[in-house]
Amino acid sequence: MSFTARFKKRFYFVAAGYFRFFANFAFHRWHPRVIAITGSVGKTTMLHMLEFELGDKAHYSHNANSAFGIAFDLVGIKKGVTGSKLRWVYLFFAVPFKSLFFKRHEKYYVAEIDGERPHETEFLASWLKPEVTLW
């Protein structure tokens with residue numbers, strides 16, 4: 001494994017931890033009942049089925065299924081790490097600011113979790129503490 005690959009692998013959870021720290025303020029202020037959807041196939045389909053059943057009683061993590069995406073979704077940032085590298089600078093300052101004021105009002109949070117990296121599912125589960133996990 002090259003130096004760059006090892007650096008990215010190690011830096012991933014450091015950066016995700018930074019965004020999780022601030023998004024946690026908004027998450028605790030909201031305090032939803034969490035439903036996590038994970039597995040190798042069918043996650044998005046299950047998310048859409050739950051969306052049909054629960055309707056606007058829940059907020060759904062569409063297009064936000066990684067440690068970064070969930071943190072951005074919890075503070076109301078729709079586009080995560082897309083676009084230029086300058087977007088990282090914006091997110092570095094926007095997430096702490098938005099975490100102080102942003103609040104959702106739905107009763108449930110349905111999170112699609114894509115654990116493609118080792119320990120990512122564990123990272124998210126220890127944070128979100130879902131009441132129900134659909135696998």
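Q: Let's start with Arg-33. Buried, exposed or in between?
A: Arg-33 is partly exposed, at 37% relative accessibility. Here buried means under 20% relative accessible area, exposed means over 50%, and partly exposed is in between (1.4 Å probe, protein chains only).

Q: What am I looking at, by the way?
A: A predicted model: local features need pLDDT of at least 70, side-chain atom pairs count only at pLDDT 80 or more, and totals for chains, interfaces and linings use all residues. Residues are numbered from 1 along each chain as its sequence is written, and side-chain values use heavy atoms, with hydrogens and water left out.

Q: Which side chain does Arg-33 meet in a salt bridge?
A: Glu-131, with N to O at 2.8 Å. A salt bridge here is a side-chain nitrogen of Lys or Arg within 4 Å of a carboxyl oxygen of Asp or Glu.

Q: How many salt bridges does the structure hold?
A: Four.

Q: What about Arg-104, which partner does it have?
A: Asp-73, at 3.7 Å, N to O. This pair also joins distant parts of the chain, 31 residues apart. Arg-104 lies in the loop between helix H4 (86–101) and strand S3 (108–112), while Asp-73 is in helix H3 (residues 67–74).

Q: Are Arg-104 and Asp-73 buried or exposed?
A: Both are buried.

Q: And Arg-117, what does it bridge to?
A: Glu-116, with the closest N and O atoms 3.8 Å apart. There is a network here too: salt bridges link Glu-116, Arg-117 and Glu-120. Arg-117 is partly exposed at 32%, and Glu-116 is exposed at 57%.

Q: New topic, aromatics. How many pairs does the count come to?
A: The count comes to 18 aromatic pairs. Rings of Phe, Tyr and Trp (its six-membered ring) pair if their centres lie within 6.5 Å; planes under 30 degrees apart count as stacked, over 60 as edge-to-face and the rest as tilted.

Q: Take Tyr-18 and Phe-22. What is their geometry?
A: Edge-to-face, with 5.1 Å centre to centre and 70° between the planes. They are four residues apart in helix H1 (residues 3–30), so about one helical turn separates them. Tyr-18 counts as partly exposed, at 24% relative accessibility.

Q: And Phe-27 with Trp-127, how are the rings set?
A: Their centres are 6.1 Å apart and their planes at 65°, so this pair is edge-to-face. Phe-27 is in helix H1 and Trp-127 is in helix H5 (residues 120–128), 100 residues apart, so distant parts of the chain are linked. Phe-27 is buried at 7%, and Trp-127 is buried at 7%.

Q: Which ring does the charged end of Arg-20 sit over?
A: The ring of Phe-123, 4.4 Å from its centre. The test is NZ of Lys or CZ of Arg within 6 Å of the ring centre and within 35 degrees of the ring normal.

Q: On to pockets. What volume has the largest pocket?
A: About 360 Å³. On a 1 Å grid over the protein atoms alone, a pocket is an open set of points where a 1.4 Å probe fits, with protein on both sides within 12 Å along at least five of seven lines; lining residues have an atom within 4 Å of a point. The volume is the space filled by probe spheres set on the points, which are joined across faces, edges and corners.

Q: Which lining residues are closest to the centre of the largest pocket?
A: Of its 15 lining residues, Lys-8, Lys-9, Phe-11, Tyr-12 and Arg-117. H1 gives the largest share of the lining, eight residues.

Q: What about the second largest pocket, how much space lies in it?
A: About 280 Å³. It has 18 lining residues, and the closest to its centre are Asn-63, Ala-64, Ile-77, Lys-78 and Gly-80. H3 gives the most to this lining, with four residues.

Q: Asn-63 again. What is its phi?
A: Near 55°, a positive value in a residue other than glycine. Most residues other than glycine have a negative phi. Asn-63 lies in the loop between S2 and H3 and is exposed at 81%.

Notes: Helix = DSSP H or I, 4+ residues; strand = E, 2+ residues; numbered from the N terminus.
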